[in-house]
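Colleague: I have a model open and want to learn how to read its features. Please take me through them one at a time.

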Amino acid sequence: MDSLVLFCTGALLAGGLYWFVCILGPAEQKGKRAVHLSGGSISAEKVQDNYKQYWSFFRRPKEIETAERVPDFVDTFYNLVTDIYEWGWGQSFHFSPSIPGKSHRDETRLHEEMAVDLIDVKPGDRILDVGCGVGGPMRAIAAHSRAKVVGITINEYQVKRARMHNKKAGLDSLCEVVCGNFLEMPFQDNSFDGAYSIEATCHAPKLEQVYAEVFRVLKPGSLFVSYEWVTTDKYRADNPEHVEVIQGIERGDALPGLRSYSDIAETGRKVGFEVVKEKDLAKPPALPWWTRLKMGRIAYWRNHILVTVLAAVGIAPKGTVDVHDMLFKTADYLTRGGDSGIFSPMHMILLRKPLES
């Protein structure tokens, strides 16, 4: 009888562990499993040191305000977080408005398809994804529009992940990924029929720099749409709680500094664009984009226990627990920013390069 109880207990524990790791472990789009978490291009033994290096940027704030330092800063961040993002969030590293009756995956896809619909491209057109990550939006946009999408990301590990996903999805003929700095893009002048950026240009030290590069590579008459991270008209720089929230978002998301919503259109005009449309997609009647963060709290604790166990037994790199904890705290700042209305991750700006420029 004791042997039977012991066997049943062991079987239950084994089954529970399998369910915890293999069923709950994969990302929403099954791009990454918990047992495969890594530090991107960083070797496992150096993840913790690079995490400390990431935080050292904030002890020297003037350095992250320069174009020379930002690529290293952002590259380090995405080496640390890419696997965790993909495992815990999915292959599209951005937010989207909540839509009644729609899954998170459908909400994400619709938000991405709207971007390419706004720039009015045709099948076969060559368009640019400015800050493509592991290519979730790129694949949705290529499948929806049948345009040829070229994505650029600063992070070599994300290039490898994106190419793997593109091939697996059967979209590698439509999707190309380039490793490079979007402040100095390796593309010829007037070579793209359209461009979009989904929550990526927030990493630029100066928005003018990346907008000028997009302007340069677009063909005259072509459109560029960007979903920008901004402080809204409700933000008050003399409110300590507002400042705490915004600084928390900046530190947890590798941002040189969040911009005001009022600066976006002016920046576009400054580099030569015509402003076609501007709208904060987070404002009512849109439903809260941060609902998914609130709903994910239970999943976070489950994931945090799992990451802690995997790091303790040497499967996940040392330092992964610190990175995961940082992202959870950042999620709280993002939620507070959304609840208070002082922050939006989807301030949409639609710009056109004039026919004569």
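Modeller: Start with the largest cavity: helix 3 gives the most to its lining, with 4 residues. Helices (H or I, at least four residues) and strands (E, at least two) are DSSP runs, numbered from the N terminus. This is a predicted model, where local features need pLDDT of at least 70 and side-chain atom pairs count only at pLDDT 80 or more, while totals for chains, interfaces and linings use all residues. Residues are numbered from 1 along each chain as its sequence is written, and side-chain values use heavy atoms, with hydrogens and water left out.

Colleague: What is a cavity, in grid terms?

Modeller: On a 1 Å grid over the protein atoms alone, a cavity is a set of points where a 1.4 Å probe fits but cannot get out; lining residues have an atom within 4 Å of a point. Grid points are joined across faces, edges and corners, and the volume is the space filled by probe spheres set on the points. Here there are 4 cavities of 30 Å³ or more. The largest holds about 380 Å³ of space. It has 29 lining residues, and Tyr78, Gly131, Cys132, Ala200 and His203 are the closest to its centre. Two or more lining residues come from each of helix 3 (70-88), strand 2 (148-153) and strand 4 (192-198).

Colleague: How many nonpolar, polar and charged residues are in that lining?

Modeller: Classes first: Ala, Val, Leu, Ile, Met, Phe, Trp, Tyr, Cys and Pro count as nonpolar, Asp, Glu, Lys and Arg as charged, and the others, Gly among them, as polar. The lining of the largest cavity has 17 nonpolar, 10 polar and 2 charged residues. The second largest cavity has about 80 Å³ of space. Its lining has 3 nonpolar, 6 polar and 2 charged residues, including Trp89, His104, Glu107, Trp289 and Arg292. Helix 4 (104-118) supplies the largest share, 3 residues.

Colleague: Which residues touch the most other members of the largest nonpolar core?

Modeller: A nonpolar core is a set of buried Ala, Val, Leu, Ile, Met, Phe, Trp, Tyr and Cys residues joined through side-chain atoms within 4.5 Å. Buried means under 20% relative accessible area, exposed over 50%, partly exposed in between (1.4 Å probe, protein chains only). In the largest core, of 43 residues, the answer is Trp229, Ile249, Trp289 and Phe343. Beyond its neighbours within four places in sequence, Phe343 has contacts (heavy atoms within 4.5 Å) that include Trp229, Ile249, Leu258, Trp289 and Leu334. A separate second core of 28 residues includes Val47, Ile84, Leu310 and Met326.

Colleague: Why is helix 5 described as largely enclosed?

Modeller: Because 8 of its 10 residues (136-145) are buried, helix 5 is largely enclosed by the rest of the structure. Among the buried ones are Pro137, Met138, Arg139 and Ile141. The buried residues of helix 5 pack against elements including helix 4, strand 1 (126-130) and helix 6 (156-168). Just after the helix, Arg146 has a positive phi of about 60°.

Colleague: How many disulfides are there?

Modeller: A disulfide is a covalent bond between the sulfur atoms of two cysteines. The search criterion is a pair of cysteine sulfur atoms within 2.5 Å. The whole structure gives 0 disulfides. For Cys179, the nearest cysteine sulfur is that of Cys132, 9.3 Å away.

Colleague: Are Cys179 and Cys202 buried or partly exposed?

Modeller: Cys179 counts as partly exposed, because its relative accessibility is 34%. Cys202 is at 4%, so it counts as buried.

Key: On a 1 Å grid over the protein atoms alone, a cavity is a set of points where a 1.4 Å probe fits but cannot get out, and a pocket is an open set with protein on both sides within 12 Å along at least five of seven lines; lining residues have an atom within 4 Å of a point.
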